[in-house]
Amino acid sequence: MRTLIVLLILTVVSTTSRGQHMWLSMLSEYTIAGPQYGAAILMETNKKLGAGLFYQADIQSPAEVKTNNTFYGLQLQIPLAKSEKINFFGTVRGGLVNDKFAVIVPGVETRINAGKRLAVGFAMSMRMNYPSVLGKLTYRIF
Amino acid sequence: MSNAFKRSIFALALMAMALASCEPVPENVFTRRFVIKEGSHYSTPRLAEMLQSNRLRFEATFDQSAIYDFNDQAMQTNKNKLMGFADCNSMHHENSARFGWQWYNNQLEIYAYCYVNGNRVEEFLGTVQPGVVNNYEIELTADAYVFYLNNEQITSIGRSVDCDKGAYYLLYPYFGGSLPAPHDVTIDITMIR
């Protein structure tokens with residue numbers, strides 16, 4: 001596990017060292033287990049390869065489970081199709097759920113630029129073996 | 001838009017349509033029907049998923065296909081697997097907890113079926129009826145796998161893993177034991193999140 005974390009950090013560092021943009025996002029994801037809210041920060045190269053960190057959790061814990069299903073970790077993106085206004089990405093999120101359970105979540109994301117610094121994103125992923133839908137509001141810090 | 005961009009969009013749309021068209025339409029979107037084909041051990045669909053909380057909870061319904069007769073007591077008492085998980089960063093033949101089942105004595109018997117440090121541990125939990133929805137739960141505690149059947153705690157089997165953070169992969173229906181399914185076996189499973 002430690003080796004994996006070191007490799008992931010090295011990947012992030014090598015990607016971000018050539019980063020041209022930093023994106024800050026507020027996100028909401030609707031999974032089969034309910035909605036989650038969170039934030040993400042992403043460094044992106046000129047070729048729109050990206051790496052970053054994310055954190056999300058349930059707002060209300062299911063009473064029986066007594067956990068808010070926190071999910072945090074690393075996020076990677078590769079561009080599938082690019083243009084000035086709209087971009088499509090393949091994404092992978094990897095991290096821990098409930099501080100304990102390692103998961104990897106593949107997905108696809110559409111990002112539509114809504115101004116010089118603002119963008120909205122829509123993504124579909126596979127969470128818990130079911131499709132999930134994610135929406136995010138993204139601000140380009142630089 | 002450039003031609004390259006249009007071509008990329010077209011390719012993505014084709015991929016999405018191809019993937020979407022392969023999806024079966026279940027009666028209940030949250031219920032999955034697992035089928036173990038005659039002559040097979042593994043069920044379809046083949047899924048890869050990780051456990052994400054300390055409780056694995058699901059409802060399962062067997063049908064009449066759970067009834068089989070091998071005319072051999074040793075084979076008849078081989079446990080088939082319903083569902084469970086491999087423990088932290090372990091392979092499932094090292095450390096895991098699952099529900100097992102067998103058709104024996106004209107009844108559908110449910111078992112706790114675990115591996116603890118490579119040693120198999122089985123405990124009888126109860127019987128269920130084909131065609132009836134039953135509730136199954138395994139709670140993962142610091143030192144045990146606690147088995148519940150229809151919301152009643154039946155047994156607790158000692159756990160021997162000193163790892164905490166890591167991968168806990170889910171295990172899906174499997175027929176056997178030694179012999180494969182003598183005919184198609186169907187099990188409906190609804191995960192409870």
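The loop between strand 5 (86-97) and strand 6 (101-113) of chain A holds A:Asn98; helices (H or I, at least four residues) and strands (E, at least two) are DSSP runs, numbered from the N terminus. The structure is a predicted model, in which local features need pLDDT of at least 70 and side-chain atom pairs count only at pLDDT 80 or more, while totals for chains, interfaces and linings use all residues. Residues are numbered from 1 along each chain as its sequence is written, and chains are lettered from A and ligands numbered from 1 in the order in which they are written.

Most residues other than glycine have a negative phi, and most peptide bonds are trans. A:Asn98, although not a glycine, has a positive phi of about 55°. B:Asn71, also not a glycine, has a positive phi of about 55°; this residue sits in the loop between strand 3 and helix 2 (73-76) of chain B. Chain B also contains cis peptide bonds. One runs from B:Thr44 to B:Pro45, with omega near 0°, and B:Pro45 belongs to the loop between strand 2 (43-44) and strand 3 (55-62) of chain B. Another joins B:Gly176 and B:Gly177, with omega about -10°. B:Gly177 is placed in the loop between strand 11 (170-171) and strand 12 (185-191) of chain B.

**Exposure of selected residues**

A residue is buried if 20 or more other C-beta atoms lie within 10 Å of its own, exposed if 12 or fewer, and partly exposed in between, with C-beta atoms placed from the backbone. The table applies this scale to selected residues.

| Residue | Other C-beta atoms | Class |
|---|---|---|
| A:Ala57 | 16 inside 10 Å | partly exposed |
| A:Asn98 | 18 inside 10 Å | partly exposed |
| A:Ser132 | 19 within 10 Å | partly exposed |
| B:Asn71 | 6 within 10 Å | exposed |

A:Ala57 is part of strand 3 (residues 50-58) of chain A. Contact is counted when the C-beta atoms of two residues, placed from the backbone, lie within 7 Å. Residues up to four places away in sequence aside, A:Ala57 touches A:Gln36, A:Gly38, A:Asn68, A:Asn69, A:Thr70 and A:Phe71. The C-alpha atom of A:Ala57 is 9.1 Å from that of A:Val97, a residue 40 positions apart from A:Ala57 in sequence.

A:Ser132 lies in strand 8 (residues 130-140) of chain A. Beyond its neighbours within four places in sequence, A:Ser132 is in contact with A:Glu29, A:Tyr30, A:Thr31, A:Ser125 and A:Arg127. A:Tyr37 is 95 residues apart from A:Ser132 along the chain, and their C-alpha atoms are separated by 13 Å.

**Architecture of chain B**

Chain B comprises two helices and 12 strands, arranged along the sequence as α-β-β-β-α-β-β-β-β-β-β-β-β-β. Of its 193 residues, 27% count as buried. Among the contacts in chain B with a separation of 6 or more, 62% are between residues 24 or more positions apart.

Strands of a sheet pair through backbone hydrogen bonds, either parallel or antiparallel. Pairing of two strands requires that DSSP finds at least two bridges between them. Chain B has an open sheet of seven strands in the order 2-1-12-3-8-9-10, with antiparallel pairing. Strand 2 and strand 10 of chain B are at the edges, each with a single partner strand, so one side of each is left without a neighbour in the sheet.

Within chain B, strand 3 and strand 8 (residues 134-140) pair in the antiparallel sense over six bridges, and B:Ala60 stands opposite B:Asn134 in strand 8. Strand 9 (residues 144-149) and strand 10 (residues 152-158) of chain B likewise pair in the antiparallel sense over six bridges. B:Ala144 has B:Gly158 in strand 10 of chain B as its bridge partner. The hairpin of strand 9 and strand 10 of chain B has two residues between the strands, and B:Asn150 in this hairpin takes a positive phi near 50°.

**Nonpolar cores**

A nonpolar core is a set of buried Ala, Val, Leu, Ile, Met, Phe, Trp, Tyr and Cys residues joined through C-beta atoms within 7 Å. The largest has 42 residues, of which B:Phe85, B:Phe99 and B:Ala112 touch the most other members. Strand 6 (residues 107-116) of chain B supplies the largest share of this core, six residues. Apart from this core lies another of six residues, among them A:Trp23, A:Ala40, A:Leu42 and A:Ala51. Residues up to four places away in sequence not counted, B:Ala112 touches B:Phe99, B:Glu122, B:Glu123, B:Leu125, B:Phe147, B:Thr155 and B:Ile157.
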